[in-house]
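Here's a quick, friendly tour for anyone meeting this structure for the first time. Have a look at the strands, then at the aromatic rings.

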Amino acid sequence: MAEVFVGIGSSINRSENVQLGVAALQALFSDVQISPVYESEAVGFSGANFYNLVAKFTTNLAIVDVIKQLKKIELANGRPEFAIKFAPRTIDLDLLLYDQEIAPEFDLPRAEITKNAFVLKPLADLAPRLTDPLSGETYQNLWAKYPKEKQNLWKIEAGL
């Protein structure tokens, strides 16, 4: 069984869409755990704030099949198949980690983890002692060293 971490984000009907994303993962995987939800400003473009969180689960699916399932969930929840990168989102599901795999062809571990507070903070909340496969540091330590002034982030109550 692989331990998988997925980033979930939305800037359109945020509360509803992150709830739908979590529910879809729970329908596929029996052991879904989630981080707190954070609100953050859009990164890379001007737009509405996002809600972001990280989900964790285990699966026997291969990496490519996990990615296919995430894409199906996105499409079922109103995300265009060929959405542009820096734009508002109904839902965004990104495979962050698949065990300790280093697989550049799948962007694993996902580069966003250490670059964006809205990924690193919820991941550090959910799995503080988990080590980053590239640096060997825990996500708790990476968050402690993250320049907090780089991106604004607020913990919110999303009712999940």
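Strand 1 and strand 4 (residues 50–59) pair in an antiparallel way, with nine bridges between them; strands pair if DSSP finds at least two bridges between them. Along this pairing, Phe-5 faces Lys-56 of strand 4. Strand 1 also runs antiparallel to strand 5 (residues 92–98), joined by six bridges, and there Gly-7 has Asp-94 as its bridge partner. Eight of the nine residues of strand 1 (residues 2–10) are buried, so the rest of the structure largely encloses this strand. (Buried is under 20% relative accessible area, exposed over 50%, partly exposed in between, with a 1.4 Å probe and protein chains only; helices, H or I of at least four residues, and strands, E of at least two, are DSSP runs numbered from the N terminus.)

This is a predicted model, where local features need pLDDT of at least 70 and side-chain atom pairs pLDDT 80 or more, while totals for chains, interfaces and linings use all residues. Residues count from 1 along each chain as its sequence is written, and side-chain values use heavy atoms, without hydrogens and water.

Now for the rings: the whole structure holds two aromatic pairs. Rings of Phe, Tyr and Trp (its six-membered ring) pair with centres within 6.5 Å; planes under 30 degrees apart are stacked, over 60 edge-to-face, the rest tilted.

| Pair | Centre distance | Plane angle and type |
|---|---|---|
| Phe-29 and Phe-57 | 3.9 Å | 15 degrees, stacked |
| Trp-143 and Tyr-146 | 5.4 Å | 15 degrees, stacked |

Phe-29 sits in the loop between helix 1 (14–28) and strand 2 (33–34) and Phe-57 in strand 4, so their pair ties together parts 28 residues apart in sequence. Phe-29 and Phe-57 are both buried, and so are both Trp-143 and Tyr-146.
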